[in-house]
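Please examine the sequence and the structure shown below. The briefing that follows describes them by topic.

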Amino acid sequence: MTFRLLQPTSLAEACAALADAPDDAMPIAGGTDLLSEIRDGTSVPGTLVALDSIADAVLWGIADTDDGAVRIGALATIADIAAHEGIRDRYIALSQAAAGLATPQVRNLGTLGGNLNQRPRCWYYRHPLTVCLKRGGDRCFAVQGVGKYLCITGGDRCFIVHPSDIAVALTALGATVTITSPAGQRTVPIEDYFTGPDVDLMRENILRPGELLTAVTLPPGRAESHSIYLKARERESGDFALVSVAAAIGATDGVVTNASVALGGVAPVPYRAVGTEQYLLGRAVADVSPADAGAAAVADPRPLPDNAYKVPMAANLTHRAISILLAASAV
Amino acid sequence: MATIPTTRLSIVGRNAPRRELPDKLSGAAQYSADIDLPGLLHGVIVRSPHPHANVLGVDASEALALPGVRAAVTPADAPSVWLAPDMPVLDTRVRFAGDEVAAVAADDLDTARRAAALVRVEYEPLPFVTDPVAALETGAPAIHPQGNLAIPEPLALQRGDIDAGFDAADIILEERYHLPTHSATPLEPRAALASWEGDRLTVWKSTRGVHVDRDVLASVFGLDTGRVRVIGPNMGGGYGNKDESRMAVLAAMLSRRAGRPVRIEYSREEEFVAGRTRHGGRIDLRIGVTRDGDITAIHGDAILDSGAYQATAPRVARRAGQGMLYLYRCPNVRFDARPATTNKPVSGSYRALGAPQGHFALETLMDRAADAVGMDPLAFRLRNHVPLEGQAGPRLTPPDEIVDGQPVEGGIPFSSNGLEECLRRGAAEFGWDEPFERSDSTDPFIRRGRGMSMMIYRGGVGDESAAALSIDTEGKVRLITGVMDVGEGAVTVLCQIAAEAVSVGYDDVLPHFADTEDTPNAPITAGSTATFSTGTAVMQAAERLRASMLAVAAERLDASTGELTIADGAVFVCDGPGRRISYAELARAVEPEQLSAEATVTPGSPDYIVNSFGAHFCEVEVDTATGRVRINRYVAAHDSGRIINPRTALNQVEGAISQMLGFALSEELITDEPTGVTLNGSYLEHKSPTIQDFPSITTIFADVVDPVGPMGAKGLGEVPSVGVAPSIANALYDAVGVRFTRLPITPDRVLDALRNRAKGR
C-alpha cells in the first residue's frame, strides 16, 4: 500500500488538506487504529495528514481553565490522561478508563482524539472477506454470524458498539468536544458528538469533511460528586469492553442530587443510562437499591441471538458501580 | 567401570543454564526468518478466499509482469506428489478459506504481496461444511474423494465388556462435551528459507523435525535424501505445532524457478489461519459406578474437527482416548473416535494433542461420579486411580516386544507411577482439606471454588532415536543428535545427560543438533519424547564411549580396565594415586574414531508401560456480575521421573498451565458458519491470556526415579497441559453450582449458565 504523508504546521493547513480531499485524506496521530485499518485494507486513504507536526496549543496538553474546567488537547496520549493527577483527583472515572485501556504500548502512542474517533471493532467490518454495509457492502454479516460483542440497543441494520472506553467516561462526566474547521470552532456536548447507524451507516460521529476534533473539556468538578469506571472484559489487558459503565453520583444531605451514568458495549454510541439516572435522582441514599438502579440501566434491550448476556452484565455492572459510589459518598 | 553412575549426580538434577540463553538475551540468536542470503527473495502465498471451491484457472501473468517479481508457482507447476495422504503439493481444489493456491517471489515483501494480489484465480465455489458432526452425515459436501472421515476406519478401542460393566453399575452418568478449536499462538510465525546450488537443496525452517522435512522435500523434487539439507535454527515456540509441509516445498519451488534463495514467512494472521490448530469437536462420555464408588465401565465417543486435511488426526484421536482407557482402574472401557474433515483451518498437533480434550470430559464427569456416590473428588480419585500394577486383564503384546506408551490391554505394570504421591502431596500443598470461604465479605457477586483433576500421558517412549558422542583433543565432548530443540530446552537437558554420562563438566559438552547434513536420523520433537528417547540414545552412546575410553586408558596406564575409574574428565587407576590420563590426553593419543561412539535405540521397555502422571488443584474466583473467571491459586504435582533440570521443568509446567488457561477460559479460533472465513485470526481477537491473567503456580515434582528412563527421567513437556481445563471447570462447579460442558468458559457463557440455572429454580 502507498499513501502520501502531509505534515502541516498549523491547524488551518491541516483542516484545509482534509477538506480538499474529503474521500481520500485522513488525519493521523498515534496511528494505533488507523495503521491497522490500512494494513487490513479496511481503510485505504491516499493521503495521511499528520497532526503531531502542528504546534497549535489547543491540540496539546492537559490544562486547568480559568473557570475551573479541565481542557484536554486531542493529542494528549492515553498514558498522559491516566497519569494526570488533577484528572485522578477530580474525574477518576476518566483516569480509570484511560489506565485500563488496551496495553501500555497503545496507551503510550494512542491519543485522546484518536481514541474517540477510532472505528468499530466488529470483526465483519474489519475482515477483508466480509465487506459489510459499513464498508459499502450489501449486508450485515453479524446478524447471521457471531454477534457476541455487538450491541443490545440502538442497532439499525448495523449492530456495532462504540469501542472507546474514554468516550463512556467522558459522557458520564458531561464533557464537551471542541471541533475545529477552516470556518472556525464549534463546541458540542459529547453526547451529541457520537451518532449511530440510524443517522449514518458509514460514520460514528458528527465530524464533517475538513473538521478535526481538537480538544475535550471537562466541566468543573462538583465537590460532592464521586465517579467510577468499571469494565467487563475477557482478559485483564489488551481487551475492549464487553460492557462498561461510567457513573458520577453526588448526594447532599442524604439525597442523590446528581446522577450521570453511561454504558459502553451496549449501543453503537456511548449509552446514557437514563433509567438509572431517573431512579437515583432525588432518592434518599438510604432508599437506593443498587440492584434496581442497575436493572433500569438499559431500556428495552433487543439483544442478538448470542449477546443476551450483556443485559444482566450491564445491570450487574451498574449495580456494582452504584454500590461502590454510595458507599464512598457515605464515608 | 563403564557403567554410568546414576546416583550422586553432579549435573543432572541441577539448574544448568539454557545453552542458547546468552544468544537469545543478546539478540544474536538466529531464527529461521533471520537468516539472510545474497539475492534473497521474499515469497508470499496466494490463499483461497472460499472455504470450498474448484480452482478452474490460475493466471500469474499480471503478477509476473510487475517489476521485481521473479517467480510464481501454480497448481499447474506442482509435481504430482502427495505431501500427506490427502494433501498434494498444490491442488485444483481448495478446502478452507486460507488454503494454498499459488505462490510468488519478489525482491521485497511489499512487491511480493502486491504480486500475490495480482494472481488471477478463477474459482467455482462449492457447498461447504464447518461442523464436524454435520460433515459425517450422509449428504454432507465431500471434501476429499475418500469421504469426510479423516482416518481410514473409525477408531474403536476396548478392554473388557462395557455392556456388562454398565449392567453392573448402580449409577450411570453421561454428558456431551463441546471443545473449541484454538491456536497455539507461537510468537514466532512459521518461516522457511530455501536455496538451491545445482541440484542440491538447503532449507532452514521453523520445524519440529528436520529429517521428516528432508524426506518430504526429497520426494517432491525426486532427489536422494543426501541432496537435501534441512537445518533447524532457533525456534520461537513449537508446541508440537509446526508440522505443516507445504511452505518449505513452495519456497523451494519458487527458489528453483527464480534461481535465487526464497524465504516465506507467515504473517501473524496466516499463522492463525494457515498454521495448525487444536482439534475441537464433541465428546460423549458415559461412566458407570457402584454405590460404593467403584467404576464399572467407561465409554467415550468422540467426533473431532480435523479441519480441511487429515494432518495428525489419527494420533490426536488416539490420544484423546487414553485417559478414558487408562487413568482409572476399570475392567470395562471403550473409546470410539471419528475425526472429520471440515472446510476449516487445518487442525494438527498442539501440546498433548487430544489429551486435554479427552481429560476435560473425563475429569469433569468423574467429579460428578464422585458427587453421585457421596465422595470427595480427591478421595474418589485416591480410591480409583490406576495403580503401579496397571490394569487388570491379559497382556496382548508379545513378551519381548516394547510396550506401547498408550496401551489398551491390561496385564502390564507401569515402570513407575507417582499418581498417588501427586494426589497426596498436591492436596497437602493446596490445603484441600482445609476450611474454605466461598463468598466474599465485601462483594456479594464474588464466588470462590476449588477443583482438581488428575492426568496420565505417554512417558516419553518415542520412535527410533540416535545420538553420537566423541571426545576431541581439547577434552571436550561433542554431542550430536538430529533432534530439534523446539524452544523447550532439549539441547540443555541432553547436554546435562551427556555431561553426567561421560563425567565431564556441563560446559565441556559441545552440542550439534538438527541438521540433516551431519546429524543422525531423528524423529520429530513431539509426544514429550526428546528427553526420554534421545536421552536413552545419549546414555547408550556414553556407555560405549566409556568402554572405549577405558580400553585406550588401560593400555596407556598399563592397567586392566577393571582397575580404572572415570571421573571429572579423566580416567584413573583406582589405587594408584597420580596414575591418571585426561580425556584430552586420551584423544591426542589415538585416532579420533577410537574415542567416538554412536547409538541408535528403540526406546521403551518390553516389561513396563512408561507413563507420566500429574494432579492439579486450583482455586477460582467467579465474578457473577460479569461472568469473569480468575484463578487465584494453582498447584501442580507431577511425576515425570527424575527431573533433569528443575528450572526448565518448572518452565514447562508453568508454561503449559498458562497456555491452557486460554483453552479453558478464553481462546477460540472462530469460523463464521455462513461464510466459512476465520473471524479472529489475531492476538487481539483470539484471546490468549496475558501475564496479568496468570495465577501464582506452585509446582511439585514427585520423588520418582524411573527404572527405564535415562537417568530415571520420563516425559514432561505436554503433560501439565492435560489437566488444566477440568480442574478449572470443577472449581467453577464448586463456586457456582454449574457444570460447564463447553469450552472456553467465557463470561457470556458463565452469565448465560447462571441465568439458566436461576430460571430452572
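This is a predicted model: local features need pLDDT of at least 70, side-chain atom pairs count only at pLDDT 80 or more; totals for chains, interfaces and linings use all residues.

Residues are numbered from 1 along each chain as its sequence is written, while chains are lettered from A and ligands numbered from 1 in the order in which they are written.

**Chain A as a whole**
- Chain A has 13 helices and 12 strands; helices (H or I, at least four residues) and strands (E, at least two) are DSSP runs, numbered from the N terminus.
- The radius of gyration of chain A is 20 Å, which agrees with the value near 20 Å for a compact globule of 331 residues. This radius is taken over C-alpha atoms, and the globule rule is 2.2 Å times the number of residues to the power 0.38.
- The C-alpha trace of chain A spans about 60 × 50 × 35 Å along its principal axes.
- Of the 331 residues in chain A, 52% are buried. A residue is buried if 20 or more other C-beta atoms lie within 10 Å of its own, exposed if 12 or fewer, and partly exposed in between, with C-beta atoms placed from the backbone.
- Among contacts in chain A between residues at least 6 apart in sequence, 65% join residues at least 24 apart; two residues are in contact if their C-beta atoms, placed from the backbone, lie within 7 Å.

**A sheet in chain A**
- Strands of a sheet pair through backbone hydrogen bonds, either parallel or antiparallel.
- In chain A, five strands form an open antiparallel sheet in the order 4-5-8-6-7; two strands pair if DSSP finds at least two bridges between them.
- Strand 4 (62-64) and strand 7 (184-189) of chain A are the edge strands, since each pairs on one side only.
- Strand 6 (residues 176-181) of chain A runs antiparallel to strand 7 of chain A, and six bridges join them.
- Thr178(A) stands opposite Thr187(A), which lies in strand 7 of chain A.

**A covered helix in chain A**
- Helix 5 (residues 92-99) of chain A is mostly covered, with six of its eight residues buried.
- The buried residues of helix 5 of chain A are Ala93(A), Leu94(A), Ser95(A), Gln96(A), Ala97(A) and Ala98(A).
- The elements that cover these buried residues include helix 3 (78-83), helix 4 (85-90), helix 9 (165-172), strand 9 (225-232) and strand 10 (243-252) of chain A.

**Chain B as a whole**
- Chain B contains 18 helices and 30 strands.
- The radius of gyration of chain B is 27 Å, close to the 27 Å that the globule rule gives for 761 residues, so chain B is as compact as a globular protein of that length.
- Buried residues account for 59% of the 761 residues in chain B.

**The contact between the chains**
- The contact takes 23 residues from chain A and 29 residues from chain B.
- On the side of chain A that touches chain B, helix 13 (residues 310-330) of chain A gives the most, with five residues.

**One residue of chain B**
- Arg424(B) is found in helix 12 (residues 419-430) of chain B.
- Arg424(B) counts as partly exposed because it has 16 C-beta neighbours inside 10 Å.
- The C-alpha atoms of Arg424(B) and Val719(B) are separated by 18 Å, and the two residues are 295 residues apart along the chain.
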